[in-house]
Every structure is written in structure tokens, then in C-alpha cells.
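Here's a quick walk through one chain, from its overall makeup down to a few single residues. Have the sequence and the model open side by side while you read.

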Amino acid sequence: MGGFFKSSIGRKVAMALSAFFLMFFLLQHFAINILSVFSPELFNEVSHFMGTNPLVQFALQPVLIFGVVFHFIMGFVLEIKNKNARKIAYVKNNGAANSSWMSRNMIYSGLAILAFIVLHFIDFWFPEINTKYIQGDWSGTIEGVEGFRYYEELTHKFVSPIRVGAYVLAFVFLALHLLHGFTAAFQSMGASTIRKKRLQSIGKAYSIIIPLGFIFIALYHHFNH
Ligand code: HEM
């Protein structure tokens, strides 16, 4: 296993696998969040299920956190290794001739997403952990709100235009990161040329539709409450 991570291709495959896992998470995260636009009741039900189901809480959630941390650390390792491998810089490294602008800037779009995740955890994740694991309140209800509390809490977060702006900006970075990420991940997994074309179009569609969908959710709640 150690040998696998020591080889450049091993690290890239590990990066690609963790990326696909996170893309799958993002898809289900989006599927649940979009419910908040169409049916607050259903959104509440699903959120309560996800928030209290032992399998989700004690198996999937730790795997997800591991996936995020792994992807982040591996991204840094790859960036540093690539920089070192190029100690003697290209004689000419200006522009699209060598590599696309985004591919050279994955680390920056990645850092923007990381900053978003910190904000996002302060907004949603830490309060959840506090309510359930520290206060010991698993009821999913709150005084003054009929039914479950999740929809009410979510809409509150999209009142401030500054926070909504930060979210939207982060989702733009997410789109840029995904656009290059998909191409790179398929490359690392060694997709054949014909299959690659089809996969790349699916990847492009995903990279644009999912972040746009998140932007829609944030703006929808901002302008409807
Ligand atoms: C409008 C957009 C979004 C909304 C409304 C939203 C909402 C939420 C909510 C309510 C939670 C709390 C779940 C819990 O109970 O722990 C959560 C968790 C989380 N979100 Fe988002 N989210 C959005 C976008 C994103 C994006 C774009 C990403 C990734 C780049 C992301 C990553 C996460 C992660 C990693 C968690 C922790 C999951 C867990 O272990 O519970 N979210 N989000």
C-alpha cells in the first residue's frame, strides 16, 4: 500500500477515486437540498432521517469526513511533488501551450472550496453536532416551529446577502474545480479515447449543472424569505 502512494500514478489514482466519491456525495447532497425548494415537508423528513439514522451518522459520515480530508491532503502532496519535479522551470511556461490555466490552479480553486467548507461547517455542521451530541437533543424539533426544524434553520442562513454572496462565489470556484477535476480524474483512471469523449461530456454537464443548482437554491431562499 505504501508503495502505491509513493508512485506518482498511485497518488493520482487515489486522488481520482476520492474525487469520484466526493462527486457522488455532492450529487446526493444536492438532491436533498433541492427538496427544500419544492417541498419543505419532504426536505424536513429526509433531513431528519439523515440526521438521526445510525448508519448515516456512524458509518457514512466518518467515511465522508475521511474522504474530504484525504482529498485535501493528497491534493497538497500532488501540488508539492509537481512543483518539485519542475525545480528547473519550463523555459517557457506562459499560457495554454503547456497546460490549461485551470489545471495549474486546481490548488487555488481547491483552497477556495476549503474556505467555503469551513464557513459551511460553522453554519450547519457544528450547530448540528452541538444540538445532537452535546445537548443530546435528537428530537429534530425546536420551540416556536411546527414540525421539524431543518427547513426553518436552512432558510435563516440565506437571509444575509454577504453570506449568500460568499456561497455563490464558492459555487463558481466549485464549478471551475470540477470542470478540470473531471478531465484529470478520467485521465488518471485510464479511460479509452472513445469512452473518454462521452465521459467528458457527462463530466462537463455535471460540473456546470450541480454548482448552478446550488446557486439556485441559495438565491431562491434569499429572495423568498
Ligand atoms: C445551497 C447550497 C448548500 C446547502 C443549503 C447545504 C446545506 C447543508 C446542511 C443543512 C448540512 C448539515 C448536515 C448535517 O446535519 O450535518 C450540510 C452539510 C455538509 N455540506 Fe452542505 N449545503 C450546500 C452546499 C454544499 C456544497 C457545495 C458542498 C461541497 C463542496 C457541501 C458540503 C457539505 C459537507 C461536507 C457537509 C457535512 C456532511 C455531514 O457529514 O453531515 N455543501 N450542508
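The chain has nine helices and zero strands, counting DSSP runs numbered from the N terminus (H or I of at least four residues for helices, E of at least two for strands). Along the sequence, that reads as α-α-α-α-α-α-α-α-α. This is a predicted model, where local features need pLDDT of at least 70 and side-chain atom pairs count only at pLDDT 80 or more, while totals for chains, interfaces and linings use all residues. Residues are numbered from 1 along each chain as its sequence is written, and side-chain values use heavy atoms, with hydrogens and water left out.

Taken along the principal axes, the C-alpha atoms fill a box of roughly 65 × 40 × 35 Å. Of the 225 residues, 35% count as buried; buried means under 20% relative accessible area, exposed means over 50%, and partly exposed is in between, using a 1.4 Å probe and protein chains only. Contacts here are heavy atoms within 4.5 Å. Among contacts with a separation of 6 or more, 76% come from residues 24 or more positions apart.

Now for some helix packing. Two packed helices are described by the angle between their axes and the distance between the axes. The axes are lines fitted to C-alpha atoms, for helices over the stretch in contact, and angles run from 0 to 180 degrees between N-to-C directions.

| Helix pair | Axis angle | Axis distance |
|---|---|---|
| H4 (residues 54-85) and H6 (residues 106-134) | roughly 155° | within 13 Å |
| H2 and H3 (residues 40-52) | about 145° | 6 Å |

The crossing of H4 and H6 is left-handed, meaning that the near helix is turned anticlockwise from the far one by less than a right angle. On the H4 side, the contact includes Phe58, Ile65, Val68, Phe72 and Phe76; H6 brings residues including Leu111, Leu114, Phe121 and Trp125. By type, the contact residues split into 13 nonpolar, three polar and two charged. In that scheme Ala, Val, Leu, Ile, Met, Phe, Trp, Tyr, Cys and Pro are nonpolar, Asp, Glu, Lys and Arg are charged, and the others, Gly among them, are polar.

H2 and H3 also cross in a left-handed way. Gln28, Ile32, Asn33, Leu35, Ser36 and Phe38 of H2 meet Pro40, Leu42, Phe43, Val46 and Met50 of H3. That contact comes out as eight nonpolar, three polar and no charged residues.

What about the largest nonpolar core? This set has 29 residues, and Leu26, Phe171, Tyr206 and Phe214 have the most contacts inside it. A core here is a set of buried Ala, Val, Leu, Ile, Met, Phe, Trp, Tyr and Cys residues joined through side-chain atoms within 4.5 Å. H2 (8-38), H6, H7 (150-157), H8 (161-188) and H9 (193-223) each supply at least two of its residues, and the largest share, eight residues, comes from H8. Leaving out residues up to four places away in sequence, Tyr206 touches Met23, Phe24, Leu26, Leu27, Leu178, Phe182 and Pro211.

Two more residues are worth a click. Ser188, in helix H8, is buried with a relative accessible area of 17%. Beyond its neighbours within four places in sequence, Ser188 contacts Lys12, Val13 and Ala16. Asn82 sits in helix H4 and is partly exposed at 37% relative accessible area. From Asn82 to Phe216 the gap is 134 residues in sequence and 36 Å in space, C-alpha to C-alpha.
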